[in-house]
Amino acid sequence: MAEVEETLKRIQTHKGVIGTIVVNAEGIPIRTTLDNSTTVQYAGLLHQLTMKARSTVRDLDPQNDLTFLRIRPKKHEIMVAPDKEYLLIVIQNPSE
Amino acid sequence: MTTWLATQVWASMKCNSPVQSSLWSTDSPSVGGHTLPTLTMEIVHVYTKKRNEFGRQCNFSDRPAELHVDILPDPSLASNFIERDPCDIPIQCTQEMSEHEVNTERFESDTRGINHVEGGWPKDVNPQEMEQTIRFRKKVEKDEHYFSTIMQLGSNMEHCIKQNNAINIYQEYFEEEEVVEESEEQPSAKTINVFRDPNEIKRTATCLSWHPDGSCKLAVAYSSLGFQNISPDMSYDSYIWDIENPNKPEMTLKPVSLLVCLEYNPKDSHILVGGSYNGQIAYWDTRKGSQPVEMSTIEHSHRDPVYKVIWLQSKTGTDTFSASTDGQVLWWDIRKMSEPTERLVLDPNKKGNLDNALGAISLEFETTMPTKFMVGTEQGLVVSCNRKAKTPAEKIVCTYSGHHGPIYALQRNPFFPKNFLTVADWTARIWSEDIKESSIMWTKYHMAYLSDGCWSPVRPSVFFTVKMDGTLDVWDFLFKQNDPTLSLKVCDEALYSLRVQDNGRFLACGSQLGTATLLEISPGLCTLQRNEKALATAMFERETKREKILEARHREMRLKERSRSEQSKDEDTKEGDGEESVEELATRTEAEFYEIVEAELKKRAKEQEKKVRRD
């Protein structure tokens, strides 16, 4: 239990990281460092996107699976690590 | 074993409606009082036709083959041909392919919003209750699976974060070196959007005006300029379109009579002024709705359709002036529309006589020269006027003649205000203010009437014209002077109006059936080339000098002729150049004409004789 905390804290304190969200399979944010409305928005939208991305990858090659998803908008980068049941979302400002 | 089937049964012949659908089994033939047919049902449709309606019976018979025509080869015909040696025959051994084009049907899209509510919570948890959600979250966190997953995902994520921090993998190398290529691309233009008149009866799009800030909206004035062409069902509305949405206009303007011209106020983007077919001027405020805020009174308005309305540069930003074919140019302050603030009658004799006045079709006003303005008339003259003159006689400074028909467009070059462009009849001409006798440059006479034109706001040597056969021409006189640089057929019907957006990239043209087309032109035609200003200046100066020299020469010649005719008058000769009266000229021309005809007839008769003699 404590290790989970430690891991998440370590991620959060990395340079440039703005926020971390852990979302479960239904799209409910379990753990977050951002405010509620932003979290809900990110959770809902990215969850759907990850599902879509995963189904795309599997359509192209059924043996394949999605391991990581990186979205690079102009302002900062959104990284999503998907799993069968949970989703770890990190928003980072990449160093220029 | 009973098997139950549920079907709808179409009974044959007697009843046309399905028997009530009911469950029936194969071995119980009657359920619910109906005698049901067996499983194998034939569906039969019977129709009857009387025998005598068929017509006579066809009796076919067989007969042997007959030879109708037999053309045998005739070797004598070969003498009419020469054998070709060698013969060039191209052969291509490729797959035969065919090309098809498909245009999908236009789809109408509508924008709607969705309201999101937080969801996904299991049934027993109320998302509004903080305690319940916290409890749920804590429960999930205690899960073993959660633990392992997070550890694994976490390490993955960390790797990527560190990667991001180490180097910027999306860095743009060589970003600062914007290579300015002399683009050798072909000038082109492509249609971006088409805005059609939503009414049943289509009206002509006579005037377009871009929104002053950002140019995301286009105001189009629709009217019918044909004489007495207005049917009672014709709608009077004009529209403001958002260029992203061609399906539905953003706003409707409802005038009292059809609007012939419409302009946005460059200072206040909510105000538009429009001139209508019955001579009145009205102004709208888009915040206040579709009805005009105020209209000018009929007694003081124009007596003919108002063809052009322009906003003036003033402190209050509320002054406009309008021109119409009744020969008047009126100035208005939109805050007080009951009366025009000033009036000018376009009388070339400078007497202010309305009967003698020239009808005005276009106006020109440049904000950098606020005291001068120009009017293009129906008679083909451009009248240059001074606003600040004391008497009406002095208002009209000079006229420029040279066109054969009404001047539909008149605009000064935004970079060289001394030169202006006029579009009329079958040509477009460029003038210099100093030369009043003729234009300094002109295009050739086209096959179709030119209906509108304007300069490009970014390039001093580029201007656009539209013609009655639906083509848009882009002229670049530094590149090619005889022909347009780009000629594009926009639509099949005539194009009546044209307006370029301030960035020079987009232009909109309006057609006879009310279709406004938005086009984007290639970047080569809307970026300022190197030396362009200098070259254009040099060209204008050169042409102006040429015209000046020609003018001087003409004057000299005329002076000589006049002095010569003065001398010859003393000798009493009838043929004095320039001193002949109209009747004398007419009789002389008639006599000459008959002489020519007779000579021609005699020549023909002689030829006939020769021919007869030969045979």
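A residue is called buried here when its relative accessible area is under 20%.

## A helix across a sheet

The buried residues of α2(B) are B:Tyr146, B:Thr149, B:Ile150, B:Leu153, B:Gly154, B:Met157, B:Glu158, B:Cys160, B:Ile161, B:Asn164 and B:Asn165. An α-helix has 3.6 residues a turn, so residues three or four places apart point the same way.

## Chain A

Chain A contains two helices and five strands, and along the sequence they follow the pattern α-β-β-α-β-β-β. Of its 96 residues, 45% count as buried. Taking contacts in chain A between residues at least 6 apart in sequence, 38% join residues at least 24 apart.

The five strands make an open, antiparallel sheet in the order β2-β1-β5-β4-β3. At its edges stand β2 (29-32) and β3 (69-71), each with a single partner strand, so one side of each has no neighbour in the sheet. From one strand to the next the twist averages 15°.

β1(A) and β2(A) form a hairpin with four residues between them, and A:Gly27 in the turn has a positive phi of about 90°. Elsewhere in the sheet, strand β4 covers residues 77-82 and strand β5 covers residues 86-92.

## Chain B: another sheet and its surroundings

Chain B has an open sheet of four strands in the order β22-β23-β24-β25, with antiparallel pairing. Its edge strands are β22 (407-412) and β25 (441-442), each of which pairs on one side only.

| Strand pair | Bridges | Facing residues |
|---|---|---|
| β4(A) and β5(A) | six | A:Ile78 and A:Ile91 |
| β1(A) and β2(A) | three | A:Val23 and A:Pro29 |
| β22(B) and β23(B) | five | B:Gln411 and B:Leu421 |

Two loop residues belong to this part of chain B. B:Asp425, in the loop between β23 and β24, has a positive phi of about 30° although it is not a glycine. B:Asp425 is buried, with a relative accessible area of 1%.

Leaving out residues up to four places away in sequence, B:Ile440 touches B:Asn419, B:Ile430, B:Trp431, B:Ser432, B:Ile435, B:Phe540, B:Glu543, B:Thr544, B:Arg546 and B:Glu547. B:Thr544 is 104 residues away along the chain, yet its C-alpha atom is 5.8 Å from that of B:Ile440.

## The largest nonpolar core

The largest nonpolar core has 24 residues, of which B:Ile240, B:Leu262, B:Leu272 and B:Ile281 touch the most other members. At least two residues each come from β7 (217-223), β9 (251-253), β10 (259-264), β11 (271-276), β12 (281-285), β14 (306-311) and β16 (328-333) of chain B. Beyond its neighbours within four places in sequence, B:Leu272 has contacts that include B:Ala219, B:Ile240, B:Leu262, B:Tyr283 and B:Trp311.

Most residues other than glycine have a negative phi, and most peptide bonds are trans. The bond between B:Asp85 and B:Pro86 is cis, with omega about 5°. B:Pro86 is found in the loop between β4 (34-35) and α1 (130-141) of chain B.

The model scores ipTM 0.75 and pTM 0.57. Chain B averages a pLDDT of 78, and 84% of the residues score at least 70. Over residues 1-37 of chain B, however, the pLDDT is below 50, and this stretch has 38 contacts in the model beyond near neighbours in sequence. Residues 572-578 of chain B also stay under 50, with five contacts beyond four places in sequence. Where pLDDT is low, the predicted coordinates should not be read in detail.

Key
Residues numbered from 1 in each chain as written. Chains lettered and ligands numbered in written order. Predicted model: local features only at pLDDT ≥ 70, side-chain atom pairs only at ≥ 80, totals over all residues. Heavy atoms only, no water. Pairing = 2+ DSSP bridges. Axes fitted to C-alpha atoms, helices over the stretch in contact; angles between N-to-C directions. pLDDT = per-residue confidence, 0-100. Contact = heavy atoms within 4.5 Å. Buried < 20%, exposed > 50% of the residue type's maximum accessible area, 1.4 Å probe, protein only. Core = buried A, V, L, I, M, F, W, Y, C linked by side-chain atoms within 4.5 Å.
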